[in-house]
Amino acid sequence: MAISLVDPTASAAEAVLRPARRPLGPGHIVAALVSNGKPNSDVILRGVFEQLSKRLDHPVESLEFTKESASRVLSDEMTGLIARRCHFALVGVGD
């Protein structure tokens with residue numbers, strides 16, 4: 001039986017990421033609340049959103065999204081929708 005060794009000191013691949021250009025200003029602000037589907041993750045996200053929206057000078061609308069499974073990545077379709085419609089996302093876990 002062969003033994004595979006993994007080098008934990010290897011650096012991660014770097015990616016160039018560019019944020020969506022949606023300045024936070026006096027206009028309409030939309031936040032994505034992305035739950036991983038575990039119990040209470042939606043409750044935690046709503047609580048964080050409420051506290052954050054109290055601190056902002058402008059009204060903020062929230063759109064809620066839930067992953068199909070906590071063990072799966074967010075679908076490309078859902079990621080695209082969030083990128084097109086939201087200024088920022090709050091992502092949380094539960095349990």
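Tutor: Let's start with a term: a nonpolar core is a set of buried Ala, Val, Leu, Ile, Met, Phe, Trp, Tyr and Cys residues joined through side-chain atoms within 4.5 Å. Keep in mind that the model we are reading is predicted.

Student: Thanks! Which residues make up the largest nonpolar core here?

Tutor: There are eight of them: V30, A32, V34, L63, F65, M78, I82 and C86. The elements that contribute two or more residues are β1, β2 and α2, and β1 gives the most, with three.

Student: What does L63 touch, if I leave aside its neighbours within four places in sequence?

Tutor: L63 is in contact with V30, A31, A32, L33, R85 and C86. You will also find a second, separate core of seven residues, which includes A31, F49, V60 and L90.

Student: Now the overall layout. In what order do the elements run from the N terminus?

Tutor: The pattern is β-α-β-α-β, with two helices and three strands in the chain.

Student: And in what order do the strands sit in the sheet?

Tutor: Sheet order is read across the strands, and here it is β2-β1-β3, in an open sheet with parallel pairing. The edge strands, each pairing on one side only, are β2 (60–66) and β3 (88–92). On average, neighbouring strands are turned by 20° against each other, direction ignored.

Student: How many bridges join β1 to β3?

Tutor: Five bridges link β1 (residues 29–35) with β3, and the two run parallel. For one example, look at L33, whose bridge partner in β3 is L90.

Student: Where does helix α2 lie?

Tutor: Helix α2 (residues 76–85) lies across β1, β2 and β3, and it runs at about 175° to β2.

Student: Which residues of α1 are buried?

Tutor: The general idea comes first: an α-helix has 3.6 residues a turn, so residues three or four places apart point the same way. In α1, S41, L45 and F49 are buried. They cover an arc of only 65° around the axis, so they sit on the same side of α1. Among the elements covering the buried residues of α1 are β1, β2 and β3.

Student: And what share of the chain counts as buried?

Tutor: Of the 95 residues, 24% do. As for contacts between residues at least 6 apart in sequence, 77% join residues at least 24 apart.

Definitions and conventions: Residues are numbered from 1 along each chain as its sequence is written. This is a predicted model: local features need pLDDT of at least 70, side-chain atom pairs count only at pLDDT 80 or more; totals for chains, interfaces and linings use all residues. Side-chain values use heavy atoms; hydrogens and water are left out. Two strands pair if DSSP finds at least two bridges between them. Helices (H or I, at least four residues) and strands (E, at least two) are DSSP runs, numbered from the N terminus. Axes are lines fitted to C-alpha atoms, for helices over the stretch in contact, and angles run from 0 to 180 degrees between N-to-C directions. Contact means heavy atoms within 4.5 Å. Buried means under 20% relative accessible area, exposed over 50%, partly exposed in between (1.4 Å probe, protein chains only). The arc is that of the directions from the helix axis to the C-beta atoms.
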